[in-house]
Amino acid sequence: MKLLKALKNLKLETVLVLYIIIFAAAFVLILIAAFFKSLVIIIFALLLMLADLVFFLVFYRCPHCGGFLGRSGGKYCPHCGNWVNK
Ligand SMILES: [Zn+2]
């Protein structure tokens, strides 16, 4: 898949920024949904958050060992110790 390949080539910082932006957007959406008391929007926002989390878990990984980088946020992989900036 073209999209999957493009996503795999994303820089780790980009993955992190996208994750935060989408999460924030979903959060705002939940606030809006609560204001309008719209269950449909709440469900949509929760699904968006879930998809965002999956995206983060799948792509925020060390390019060397494939280990999840989690909240390390650092420049080195906590699993193999390699430099993770692609
Ligand atoms: Zn690693």
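A crossing of two helices is left-handed if the near helix is turned anticlockwise from the far one by less than a right angle, and right-handed if clockwise. I wrote that down before opening the structure.

**Ground rules**

I'm looking at a predicted model, where local features need pLDDT of at least 70, side-chain atom pairs count only at pLDDT 80 or more, and totals for chains, interfaces and linings use all residues. Residues are numbered from 1 along each chain as its sequence is written.

**Whole protein**

I looked up the elements and got 3 helices and 0 strands (DSSP runs numbered from the N terminus: helices are H or I, at least four residues, and strands are E, at least two). From the N terminus the order is α-α-α.

Next I checked the overall size. The C-alpha atoms fill a box of roughly 50 × 30 × 15 Å along the principal axes. The radius of gyration is 15 Å, while a compact globule of 86 residues would have one near 12 Å. (That radius is taken over C-alpha atoms, and the globule rule is 2.2 Å times the number of residues to the power 0.38.)

How much of the protein is buried? I noted 8% of the 86 residues. Buried means 20 or more other C-beta atoms within 10 Å of the residue's own, exposed means 12 or fewer, and partly exposed is in between, with C-beta atoms placed from the backbone.

I looked at contacts too (two residues whose C-beta atoms, placed from the backbone, lie within 7 Å). Among those between residues at least 6 apart in sequence, 30% join residues at least 24 apart.

**Helices α2 and α3**

How do α2 and α3 lie relative to each other? Their axes come within 8 Å and cross at roughly 165°, so the two helices are roughly antiparallel. Axes here are lines fitted to C-alpha atoms, for helices over the stretch in contact, and angles run from 0 to 180 degrees between N-to-C directions. Under 35 degrees counts as roughly parallel, over 145 as roughly antiparallel, 65 to 115 as roughly perpendicular, and the rest as oblique.

Back to my opening definition: α2 passes α3 in a left-handed crossing. By class, their contact has 18 nonpolar, no polar and 1 charged residues. (Nonpolar covers Ala, Val, Leu, Ile, Met, Phe, Trp, Tyr, Cys and Pro; charged covers Asp, Glu, Lys and Arg; the others, Gly among them, are polar.) From α2 the residues include Tyr19, Phe23 and Ile30, and from α3 they include Ile42, Asp52 and Phe59.

**Single residues**

I clicked on Ile42 in helix α3. Ile42 is partly exposed, because 16 other C-beta atoms lie within 10 Å. Beyond residues up to four places away in sequence, Ile42 touches Ile30 and Ala33. Its C-alpha sits 8.9 Å from that of Ala26, 16 residues away along the chain.

Ala24 is in helix α2, residues 12-36. Ala24 counts as exposed because it has 11 C-beta neighbours inside 10 Å. Ala24 and Val40 are 16 residues apart in sequence and 18 Å apart, C-alpha to C-alpha.

Lys37 is in the loop between α2 and α3. Lys37 has 8 other C-beta atoms within 10 Å, so it is exposed. I noticed its phi is near 50°, a positive value in a residue other than glycine. Most residues other than glycine have a negative phi.

Last, Cys62, in the segment after α3. Is Cys62 buried or exposed? Cys62 counts as buried, because it has 20 C-beta neighbours inside 10 Å. Leaving aside neighbours within four places in sequence, its contacts include Cys77, His79 and Cys80. Cys62 and Leu12 are 50 residues apart in sequence, with their C-alpha atoms 8.6 Å apart.
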